[in-house]
Amino acid sequence: MHTAKSGCANCEGEIMKRNPFKFGVVVDGDDFCDRGREIEELLSDIKSGIHVTIISPRRYGKTSLIKNLFNRVDFAQTFYVDLMGITTLEAFLSTYTTAILTGLGKRKKVETLVRKFLPKVDGIQITLGTVGFSLRIAPTANNVEEVLSITERLDKPVIIALDEFQEILNIQETDLLAILRKNAQFFKNTILIFSGSKRHVMRDIFLNHEKPFYRFSKVLSLGLLDKGEASNFIKRKFDETGFDIPYELCNKICDICSGHPFYIQYLAHILWNTISFKSNKLKKVCTHQDLELATESILIGERAMFELVWDSLTPIQRMVLKNLAVGKSAYELKISSRSVKRALENLENLDIIEKCERGYRIVDPFLKIWLVRMSAGR
Ligand SMILES: Nc1ncnc2c1ncn2[C@@H]1O[C@H](COP(=O)(O)OP(=O)(O)OP(=O)(O)O)[C@@H](O)[C@H]1O
Ligand SMILES: [Mg+2]
């Protein structure tokens, strides 16, 4: 094990440094790069009372964006509700109420809200303990609406983020979407931020004129990181930990990852580890070879996942995907254009590809590299 006291070559004479690149967790503050424009836009919208919807592929940084946005909000109380994995109305109500009560923080505030709220509703039991509270909810015809409007009883403006909002559609007992829409249109105090990564489902909820949430919110499609900002971020993190990385390599990391926030952090993390294990006698400088090794290491680590995706596809979807990976149009394939169109639609619904200016692109940059190699027989 490498520790400051172990006396190994890597650690001698220096305190073991922490890898500054984080992935798989929500990042904020110094670990959060760019998105200044999006945060300003979101701040301005919610200040003006506009509900917003954030849509992006997985791991583009929606949750991190919400956290960093909330760090900037001083004009309202903020609440974060994670709807991931919710399948029943009871679970929804419990998660929602818990998030609001927990988000209030101070016991006094919780007590006040519970006092205002409880007498109005049936089927809910909240017991306040010395620390925290316990909650039991049985959905009834009217307590759903009461729970959804609970923040309207607070005397301060409120912003609620409903993350992984598409999960609400798993709930079969009632049309929660319609009930939420019906209540939210009368909110005076509460602004909603909806966020989700199942893009065709989110688009259907918010952009389909036959659905209750059509035109209810302003939709923000969260994109990739800006190359300049991301390169500066990588450079700064290496510099701060005493490692030398040429700016050109920072750019190369962004190119390999096509600006994908999760992969930029992942690749930079592996590269940083590679450098940190270089002998202390050598200056800790990143080279092209180090970056190649780090890239290989990710491809090896992700291979099982890519194989799973590949195995789940139909033969036509595979052909289409391979063509896209090597930069050819899927319509060059010797199969009917109807079949190609259907395969493209299905791949898009699976969030494997997305529309871009030149047609379609593969969302996951490492899946693309893996496919290119497979096509070349490597
Ligand atoms: N602005 C950013 N700056 C630096 N890293 C980021 C940024 N946004 C996202 N990341 C990286 O991407 C990872 C995923 O971020 P986050 O969980 O916020 O994305 P998400 O879109 O909510 O993902 P999911 O769809 O899985 O819920 C983070 O752990 C971090 O490594
Ligand atoms: Mg998230």
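What covers the buried residues of α2? Hold that thought for a moment, and hello everyone! This is a predicted model, where local features need pLDDT of at least 70, side-chain atom pairs count only at pLDDT 80 or more, and totals for chains, interfaces and linings use all residues. Residues are numbered from 1 along each chain as its sequence is written, while chains are lettered from A and ligands numbered from 1 in the order in which they are written.

Back to α2. The cover includes α1 (36–47), β1 (52–55), β2 (77–82), β5 (158–163) and β6 (190–196). Helices (H or I, at least four residues) and strands (E, at least two) are DSSP runs, numbered from the N terminus. Helix α2 spans residues 62–72, and its buried residues are K62, T63, S64, L65, I66, N68 and L69. Buried means that 20 or more other C-beta atoms, placed from the backbone, lie within 10 Å of the residue's own.

Now the sheet. Five strands form an open sheet in the order β2-β5-β6-β1-β7, with parallel pairing; two strands pair if DSSP finds at least two bridges between them. At the edges stand β2 and β7 (218–221), each with a single partner strand, so one side of each has no neighbour in the sheet. β1 and β7 pair in the parallel sense over four bridges, and I55 has S221 in β7 as its bridge partner.

Where does UniProt put "domain: ATPase"? An unreviewed entry lists residues 32–266 for it, though such annotations may be inferred rather than shown by experiment. Over residues 32–266 the chain is 44% helix and 16% strand.

Next, the cores. A nonpolar core is a set of buried Ala, Val, Leu, Ile, Met, Phe, Trp, Tyr and Cys residues joined through C-beta atoms within 7 Å. The largest has 43 residues, and I253, I264, L267, A268, L271 and V320 have the most contacts inside it. Its largest share, nine residues, comes from α10. A second, separate core of 41 residues includes I46, I137, L154 and L162.

Finally, a helix pair. The axes of α12 and α14 come within 9 Å and cross at roughly 100 degrees; axes are lines fitted to C-alpha atoms, for helices over the stretch in contact, and angles run from 0 to 180 degrees between N-to-C directions. That makes α12 roughly perpendicular to α14, a label for 65 to 115 degrees. Here L321, K322 and A325 in α12 meet K368, L371, V372 and S375 in α14, with contact meaning backbone-placed C-beta atoms within 7 Å.

How values were computed: A residue is buried if 20 or more other C-beta atoms lie within 10 Å of its own, exposed if 12 or fewer, and partly exposed in between; C-beta atoms are placed from the backbone. Two residues are in contact if their C-beta atoms, placed from the backbone, lie within 7 Å. Angles under 35 degrees count as roughly parallel, over 145 as roughly antiparallel, 65 to 115 as roughly perpendicular and the rest as oblique.
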